[in-house]
Structures are given as structure tokens and as C-alpha cells.
Amino acid sequence: MKTGLRVLIVEDEPDVAELERLAFEREGFRVEVADSATRALERLRYAVPDLVILDLMLPDLDGLEILKYLRFREELSGVPVIVVSARGEEVDRVLGFELGADDYVVKPFSPRELVLRAKAVLKRVRRQEGPRVLTYGPLVLYEDQFRVEVEGQEVKLTPTEFRLLATLLSAPGKVFSREVLLDRVWGYQYEGYARTVDTHIKRLRKKLGPAGKWIETVWGVGYRIRSLHA
Ligand code: CA
């Protein structure tokens, strides 16, 4: 399984959060912890994780409300969610699954088992989606092979450049601000500067050659892939 997948752990108990973080990081995941529902919702507004680990009893809101929010928002509706809760009653489990949880783990749990379950869920989701190939103008990006071609010729990109291009290509015409790109490409914890984005965009354009002009600068806002219909 590809590493670097991003997990958002929503958990208010620091010890539990730390156990989960370690277990996922050991397997190559990138982890962010939100210790309240408010923080979790804030994160979700800016970045779409690959997986959410969700505690139900949070200080400010029931975790099920976060689950509802995830299923309601179109761009988040495909994100797998594993509920981890001390509430092991059948009624809670049923409600969790009804609201769209992909798995339900009852506390206390083994962090190792949680990661195994997470991998199983991610595999299932991936199988449904199939390999993603993003084609746009002269650009073809094979997401699972980490490969980019321009007019049939392979272009060698660094993992960061690859993620940057994949992000832009995920929504052609849409403008991505530098903050959003920092978040999605470099990750939650990266204390980067907007200039980092500019530098990488410059390199990416150069590597893409004639196709580089498909990455447009929107002054004062950010970057986007030129719309085919413009
Ligand atoms: Ca809790």
C-alpha cells in the first residue's frame, strides 16, 4: 500500500490519540490529531484526508455529528471513517453504520488492530474507485503508478511535484490558494511559506516543458490548471 496517506484522528484523550498516532506513523501514514469536534471541522474545511478515525464522545459535540457532516459534504463523502468509541452498545454501532461509518472499533482496542482495519477499509475503497488516471490536455497522470506523461513522454517528478500536479489536476479550472496547496501537498504539520509553493510550481512548469503553461498563476490568489473551455 502506498504510504503517505493522511489520517485525521479525532480524539480528545491525549493518551489514546498518541497511541493511535504512533501506530499509524509506524506504518508510514501522515497523521494529524484534532482534540475536539471544532478543530476537526476546521481541518476538514481546508484539507480532505484519506481516512478519519473518529471518537464519539468529544467535549464539544457528538462525534456522530462529524460523521453526518462528512457524509453531507460532497468532497468529503468518499472519505472512509472508522469510529473508535467506548460506546459499544448495539444501538450505537447500528447508528454509526447507518450514518456511513466504514468500521466500528470499541475501546479499549489494540492500536495495531486499528491500523489493520484501516488498511482493509482503504483497500476496499480503492477497489471500488479503480486506478485513477487524470488526463488533461497533453497531460496524463497515473495516480497509483506515480507516473506523469506529457504527449506520451514520461516526465520525472519528485513526490512533492507529483502531489502538487495531482492536486491541481483533481479540479481543473479551480483556483487553489497557496495555503490550501501547502496543506494538501506538504501536509498538516508543515510550517511552510507561500514562497515554497511558488518555487515548486516554477520547477514543475519547467519539467513539464510545453505543457507547463497549463498551470496558470492567478494573481493574488494562487494557481490552477487552465480550463479547457476558457
Ligand atoms: Ca472521548
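Modeller: Two strands pair if DSSP finds at least two bridges between them; helices (H or I, at least four residues) and strands (E, at least two) are DSSP runs, numbered from the N terminus. This is a predicted model, in which local features need pLDDT of at least 70 and side-chain atom pairs count only at pLDDT 80 or more, while totals for chains, interfaces and linings use all residues. Residues are numbered from 1 along each chain as its sequence is written, and side-chain values use heavy atoms, without hydrogens and water.

Colleague: Which residue in β12 stands opposite Glu216?

Modeller: Strand β11 covers residues 215-218 and strand β12 covers residues 222-225, and the two pair in the antiparallel sense over four bridges. Within this pairing, the residue of β12 that faces Glu216 is Arg224.

Colleague: What is the phi of Gly220, in the turn of the hairpin that β11 and β12 form?

Modeller: Three residues separate β11 from β12 in this hairpin, and Gly220 belongs to the turn. The phi of Gly220 is positive, at about 75°.

Colleague: What is the phi of Glu151, which is not a glycine?

Modeller: Glu151 is located in the loop between β8 and β9. Most residues other than glycine have a negative phi, and most peptide bonds are trans. Glu151 is not a glycine, yet its phi is positive, at about 45°.

Colleague: Which residue does a cis peptide bond join to Lys107?

Modeller: The bond has an omega of about -5°.

Colleague: Which residue of β8 stands opposite Leu139?

Modeller: Strand β7 (residues 139-142) pairs with strand β8 (residues 147-150) over four bridges, in the antiparallel sense. In β8, the residue opposite Leu139 is Val150.

Colleague: With which residues is Arg87 in contact, leaving aside its neighbours within four places in sequence?

Modeller: Arg87 is placed in the loop between β4 (81-85) and α4 (90-98). Contact means heavy atoms within 4.5 Å. Leaving aside the neighbours within four places in sequence, the contacts of Arg87 are with Leu56, Met57, Asp62, Leu64, Asp92 and Tyr104.

Colleague: What distance separates the centres of domain 1 and domain 2?

Modeller: An automatic or database domain assignment supplies the bounds: domain 1 spans 6-126 and domain 2 spans 133-225. Between them, 10 residues of domain 1 are in contact with nine residues of domain 2. Taken over C-alpha atoms, the separation of the two centres is 29 Å.

Colleague: Which element of the chain has the highest mean pLDDT?

Modeller: The predictor's confidence in each residue, from 0 to 100, is called pLDDT. The chain averages 88, and 93% of the residues score at least 70. Among the elements of the chain, β6 has the lowest mean pLDDT, 82, whereas the highest, 97, belongs to strand β3 (residues 51-55).
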